Amino acid sequence: MRRREVGISLYLLMTPLVLWLTLLIILPHVAMFVVSLRERVGVGTYAFGLSNYLTFFQEPLYWNTFLRTAIMSVLATVLTFLIGFPVAWYIAKIARGRLGQALFLACLIPFWVSELVRTYGWMILLRESGVFSSLLQFLGLADGPVELLYNDAAIMVGLVYTSMLFMVVPLVTTLESLDDSLVEAAYDMGASSWAVLREIILPHAKPGIVSGAIVVFMLSLGNYLTPILLGGKSSLWFTGLIYDQFITRFNWEQGSAFGFLLLALSSAIVWAGLRLSGQSLRDTMART
Amino acid sequence: MTRISRRLFACLAASLMAGALPSLASADTLRLLTWGGYAPEDVVADFEKETGITVEVTLSNNEEMIAKLRATGGGGFDLAQPSQDRITGAQAEFGIYKPLDLSRIDASLFIPSMLEATKKNTTLNGEVYGVPHVWGTSGLVVNKAKAPDVKDYLDLCDPKYKGRVSYRLKRPTLIAFAFAMGEDPFAAYGDPDAYQAILDKVEQKLIECKPNVKTYWSGGDEILNLLRSGEVWAAMAWDTGGWKLNAENPDITFVAPKSGALGWIDTFALPKRGRNDDAAYKWINFVMRPEIAARITAAAGNFTASKGGDANVDPALKARFNESFPPEAIDNIRWYPPVPAGLEAMEGAVLDRVKAAE
C-alpha cells in the first residue's frame with residue numbers, strides 16, 4: 001500500500017518534467033530532424049535524403065561561417081574569463097559582506113533590461129555620431145568622427161558584456177569555498193603570487209571556470225541579436241544563417257539541418273573542452 | 001512524420017515565433033497581419049465603433065508573414081497583407097491562403113487599373129487571392145548636400161562615397177542593381193539559367209561595391225537614423241523614408257533612379273484557416289473608403305489603391321511625391337511581377353556570398 005502511494009506521488013511530481021521534456025524539447029527536435037532529411041524536388045514535392053547536410057560540407061561559406069562563429073565564441077569565453085576572474089575574486093575574497101553583495105548586484109543590474117536594449121545601448125556608445133566618438137574628439141585624441149561600430153571588435157564587446165554574469169556567478173561560488181588558510185600557508189612556504197594562483201586558486205576554481213565557460217560559450221554561439229546588430233558588413237554568424245534559411249528563403253529543410261549541425265558541433269566542442277581540462281560534466285555540475 | 005506530431009510541431013513553431021500562443025479569437029475579433037502604419041489606432045477605433053469588431057494588429061514583413069502562415073498552415077490570422085508579387089509562389093508551394101470572394105468586396109472603391117493588375121498577378125489556377133491596398137516604391141534616398149550626383153543605383157558604388165552608402169542585402173537590391181546594369185531580371189523570372197546569369201553579374205558588382213557600404217541596413221528605423229545623423233549620404237530605401245526625412249532636413253529626399261524605381265503593392269489576402277472572413281471583408285471595404293484611405297496614407301506615408309483616396313492627403317506629402325516622381329519617372333516604375341516558387345533559394349546563395357566576401 002505505502003509502496004503504491006510513493007509510486008503515484010513520484011509520477012505526479014515527474015509529470016511536469018516529462019511533459020516539458022517530451023512536448024517542448026524531444027518532439028520538436030524529432031520533427032525538426034525529420035524535416036532536415038527532406039529534400040525539395042519541385043513545387044510542394046519532397047524526397048528523402050541527406051543533401052541538406054551535404055550542402056553544409058560542400059559549400060565552404062557555411063562551414064567557414066560555423067568555424068568563425070565557434071572561434072569568436074571561444075575568444076569571447078576566454079575574454080569573459082580574463083575580465084570576470086578578478087571581479088569574482090574581489091567579490092568573493094576582498095569585498096566581503098555588504099560591499100560584496102552590492103558588487104554582485106551591480107553585475108546583475110544590466111540584466112534587468114532586455115538584451116535588445118543593452119545592444120542598442122552599445123550602438124549609441126560606439127556609433128560614429130555616438131558617445132565615445134564625441135568624447136575622443138573632445139579630448140583631442142581624434143581629428144574627426146571615429147566609427148567604432150560594425151566590426152568584429154564591437155561584436156566581441158557585446159558578447160563579453162552579455163555573458164559576464166554567467167562567468168562571475170559560478171566563479172564567485174567556487175572561490176568562496178576556497179579556504180583562505182591554504183593561500184596563507186602557501187605564502188608562508190615562500191610561494192610566489194603566480195605559484196599560488198597556479199597551484200592553489202586555479203585548480204580549486206576549475207569546476208567553476210569550466211561550468212562558466214560552457215555557459216558563456218553556448219550563449220555566444222547561440223547569440224543572434226548581438227552579432228547581427230553590432231557586426232559589420234562581412235560578419236556572418238551561424239544563427240543568422242539559420243534564421244535566413246527559415247524566414248527569408250522559406251527553406252526549413254536547410255535551416256533544420258543547420259540547426260542540428262549547430263547542436264552536434266557545439267556539443268562536440270564542449271565535450272572536447274571537458275576532455276582537455278580533465279573535467280567531467282557530472283563533476284562540474286555537482287561542484288558548482 | 002505523423003499527422004499529430006506535424007500539427008504539434010506547427011503549433012510549437014508558431015507559438016515560438018509569435019512569442020506566445022495566439023490568443024483564441026472570438027467571433028467579433030479580426031486578427032490582422034500587416035505592416036507598420038497600415039492600421040493606425042484611430043482607424044481601428046472607428047472600425048470598432050462602427051462594427052463592434054475588435055482588431056488585433058500584428059506587425060510584420062513579407063518574409064515573416066509567409067513564415068508565420070506556413071508554420072500554422074494558414075491559421076492564426078484572419079487577414080494578411082503580403083505584397084502582390086509574393087502571393088502565388090507561396091500559395092503554390094505552401095497553400096497558405098484561400099481564394100477571395102470578389103462579390104463581397106466593393107470594387108467601386110478601388111482604382112480600376114490597380115485592382116485589375118493586382119487581381120491578374122495574384123491569380124493561381126483561376127482563383128484570385130489578392131486585392132490591392134497600399135502601394136509605393138523603393139529607390140534612392142539621397143542627402144543632396146553631400147552626394148549631389150547620385151542618380152541611379154550604380155552611383156552608390158562611386159568611390160567618392162566610400163563608407164557613406166547603405167542598402168539591404170535582400171532581393172530588391174539584386175533586382176535594382178540588375179536593372180541599373182541594363183538587364184531585365186523580371187523577364188528572366190521564368191528561366192532559371194538566364195536568371196542565374198544575371199544574378200552572377202550582380203553578385204560581382206555588389207562585391208566590388210562593398211568597400212563603399214557602411215553597413216547593410218535591416219530595419220527601416222535603422223536606415224533613417226543613419227541618414228539623419230549624416231553617417232550615410234545615399235542609400236537604397238523606401239520612398240516614404242525619404243519623404244519623412246525631407247520634412248526634417250530639406251537636403252535629404254527620395255530620388256527615383258534613372259533605371260526605374262521598384263514598385264510594390266501590398267494587398268489583402270485571406271489566410272487559409274482564418275476564422276472570421278466576414279470581419280476581413282468588412283475591414284477591406286472600410287479602409288478603402290477615400291476618407292479612411294487618406295488617414296492611412298498620412299500614417300504610412302504611402303498612397304493607397306483607393307479611388308479618390310489621394311484627394312484629402314496632406315499637400316506637403318503630395319508636393320514631395322511630385323518632386324520625386326516627375327511624370328516620366330512614374331511611367332518608368334518597375335512593378336514586381338509574381339515571384340515563381342524557388343527563386344528565393346537562388347537569390348539567397350548570392351546574398352550569402354556577397355555578405356561573406358571580403
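The model is predicted: local features need pLDDT of at least 70, side-chain atom pairs count only at pLDDT 80 or more, and totals for chains, interfaces and linings use all residues. Residues are numbered from 1 along each chain as its sequence is written, and chains are lettered from A in the order in which they are written.

**Cores.** A nonpolar core joins buried Ala, Val, Leu, Ile, Met, Phe, Trp, Tyr and Cys residues through C-beta atoms within 7 Å. Buried means 20 or more other C-beta atoms within 10 Å, exposed means 12 or fewer, and partly exposed lies in between, with C-beta atoms placed from the backbone. The largest core has 111 residues; B:Leu79, B:Val141, B:Leu227, B:Ala234 and B:Ala235 touch the most other members. Helix H6 of chain B (residues 171-180; helices are DSSP runs of H or I, at least four residues) gives the most, seven residues. Domain 1 (3-135 + 264-335) and domain 2 (138-262 + 337-356) of chain B both contribute, so the core lies between them. Those bounds come from an automatic or database domain assignment. A second, separate core of 34 residues includes A:Leu148 and A:Ile201.

**Contacts.** Two residues are in contact if their C-beta atoms, placed from the backbone, lie within 7 Å. The table leaves aside neighbours within four places in sequence.

| Residue | In contact with |
|---|---|
| B:Leu227 | B:Val141, B:Asn143, B:Val232, B:Ala235, B:Leu245, B:Ile252 |
| A:Ile228 | A:Trp237, A:Gly240 |

A:Ile228 sits in helix H10 (residues 225-230) of chain A. A:Ile228 counts as partly exposed because it has 17 C-beta neighbours inside 10 Å.

**Interface.** 21 residues of chain A are in contact with 29 residues of chain B. Helices H1 (2-36) and H11 (238-248) of chain A each give two or more residues to the chain A side.
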